[in-house]
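I opened a new notebook page for this chain.

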Amino acid sequence: MRLPADVVPPLEVPAASACGRKACGALREKGDLEEALAASTRSLALKEKLLGPDHPSCFYAHHNQGDILLDLGRPDDALRHYQAALDL
């Protein structure tokens, strides 16, 4: 059975999640915050799509997004993601 191109099998979620986290961390360390934010946004969107927005795995994605936004000097946006993480 072939899956549509936009569907990622559930077994690939941990691998994609780990890659997203590592990419965000590496980009942040390098100082490429805009790219880190883009990678973090993709990672969060993938988790929400595959696991649902209320899944506990989304906690870390929201927290990481908040950290990057704070680094970018966007505390209001960061707070929104920190609050979303706490709401989980």
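**Confidence**

I started with the elements, since this is a predicted model. Helix α4, residues 75–87, has the highest mean pLDDT among the elements of the chain, at 96. The lowest mean belongs to α1, at 73. Next I looked up the whole chain. Its average pLDDT is 82, and 77% of the residues score at least 70. Then I turned to residues 1–5. There pLDDT stays under 50. For this stretch the model has 1 contact beyond four places in sequence.

**Core**

Which residues make up the largest nonpolar core? I found 8 of them: C24, L27, A36, L37, A39, I68, L69 and A78. The largest share, 3 residues, comes from α2. I noted a general point here. Nonpolar side chains tend to be buried together in soluble globular proteins.

What is L69 in contact with, leaving aside its neighbours within four places in sequence? My list reads L37, R74, D77, A78 and H81. Two of these, L37 and A78, are also in the core list.

**Cysteines**

Is C24 buried or exposed? C24 has a relative accessible area of 7%, so it counts as buried, the cut-off being under 20%. I checked C58 as well. C58 is buried too, because its relative accessibility is 0%. Last, I looked for disulfides. A disulfide is a covalent bond between the sulfur atoms of two cysteines. The count here comes to 0.

How values were computed: Residues numbered from 1 in each chain as written. Predicted model: local features only at pLDDT ≥ 70, side-chain atom pairs only at ≥ 80, totals over all residues. Heavy atoms only, no water. Core = buried A, V, L, I, M, F, W, Y, C linked by side-chain atoms within 4.5 Å. Buried < 20%, exposed > 50% of the residue type's maximum accessible area, 1.4 Å probe, protein only. Helix = DSSP H or I, 4+ residues; strand = E, 2+ residues; numbered from the N terminus. Contact = heavy atoms within 4.5 Å. Disulfide = S-S within 2.5 Å. pLDDT = per-residue confidence, 0-100.
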